[in-house]
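Here's a quick tour for anyone meeting this structure for the first time. Have a look at it, then read on.

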Amino acid sequence: MKIKELIQYIQSANINFMIGSGASRPYLATLGSIETWLTQLADDRKSEKAEYAVIEASIYKAFYETVIKPNHLISDLDVNYTETKNNYKTFLAAWNGIMNKRNSRIHNKQVNLFTTNVDLMFEHSSTGMGIELNDGFQGSVEQLYDESNFMKSVNKTSLHFQYVSEIPVFNLMKVHGSINWGQTGNTGIKNNILWYWYIEEAIKAIPSDKFIDIHHILPDGTQKEKTYDELVVEARALAIADTTIYDDFLKYYKSLIIVNPTKHKFEETVMDFHFYELMRMYANALEKENALMFAAGFSFADEHIASITKRAADVNPTLQIIVFAFNDVEEDSFKKRLGLTPACVNNNITILTPSKFKQDNPEDEYKVLVDTITYFDMKTISNVFNYIEKHIYG
């Protein structure tokens, strides 16, 4: 796809994103084999064998320490955090500029950021930028969550002449929940700023040798994931007689309002009001006329979201879906997960690989940009949109 063609789409579309865990690299880990392990464990856990309690606690502890806990222990001295935060800032600044400059007078200035990430990278990155990030919460002393907040637009009135103009708003819709969501009442959600405290205390109460490591440490210092069978063998070797030592940790971890990474996740959560409502909003956004959806750092391995996306592409010929593949090899997996064949109904899903993007944009004016592209990670994707922001016409 040519950059000029990309700009044409952006000029007149309702803008949506699906952001996955790859966007929060290198600061936060991706799932790896955790979903596969937990899916297998969900079946094995039906037995009361002690080793399965050890595996469950160890996997959730690893997920907590690599994806969840770093959102509490943030530091600008951490080079990985700084890089990830800057990538998000570049992305937000570029799209704030694009929405202000583009020609469309028909569409509003809202950008829908759908994400399966439960982290707080968008919230941390947007702080101090002067942009409008709508995370669904409203209130001062006690912030409460309500999906209806995403229906609002924001206008700004000039001081002297009372001119009114709409300003860009980023609707952050976390379809898998968020680590700072806390339950209030039967179905309500509040902003829980101490989401980590009870989990931390529960982990400290368990001796570290009562957990198993989910990785092998190789001679060069790198890590390699263990197989599920290896986890079972090591957990069995611990011979833990009293698995109640994990009870508090698992109780507090599972009190987080997030969809845990398992193939059975939607059997447990799709009827829950908030998750159902957010997925409905995702489907509705893709069914709008002239909708444009970018996928970044997202693999579409989530079958539920892949199914909704493919169905929307089939029923809405005005929808354009552009998927940034991290590398060229991933193209085939995207085609398989999204059911892309020569017989596709509307042919409106484009997989952008680094090599194809370079081939489609050989002009000298793009050389500085395309020469930096080896992978489509969040840094590179943000740089593409930053380039577009500088060249889109108003």
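## The nonpolar cores

The largest nonpolar core has 46 residues, and the ones touching the most other members are Ile10, Phe17, Trp95, Phe294, Phe385 and Ile388. A nonpolar core here is a set of buried Ala, Val, Leu, Ile, Met, Phe, Trp, Tyr and Cys residues joined through side-chain atoms within 4.5 Å. Helix H4 (residues 79-101) gives this core its largest share, eight residues.

Take Trp95: leaving out residues up to four places away in sequence, Trp95 touches Ile10, Ile15, Phe17, Val111, Phe170, Phe294 and Phe385. Another core, of 38 residues, lies apart from that one, with Ile34, Tyr60, Ile206 and Leu256 among them.

## About the model

This is a predicted model, where local features need pLDDT of at least 70 and side-chain atom pairs count only at pLDDT 80 or more, while totals for chains, interfaces and linings use all residues. Residues are numbered from 1 along each chain as its sequence is written, and side-chain values use heavy atoms, with hydrogens and water left out.

## A residue in strand E14

Val323 sits in strand E14 (residues 320-324). Is Val323 buried or exposed? With 0% relative accessibility, Val323 counts as buried (buried means under 20% relative accessible area).

Setting aside neighbours within four places in sequence, Val323 is in contact with several residues, including Phe300, Phe334, Leu338 and Ile351 (contact means heavy atoms within 4.5 Å). The C-alpha atoms of Val323 and Gly297 are separated by 9.0 Å, though these residues are 26 residues apart along the chain.

Key
Helices (H or I, at least four residues) and strands (E, at least two) are DSSP runs, numbered from the N terminus. Buried means under 20% relative accessible area, exposed over 50%, partly exposed in between (1.4 Å probe, protein chains only).
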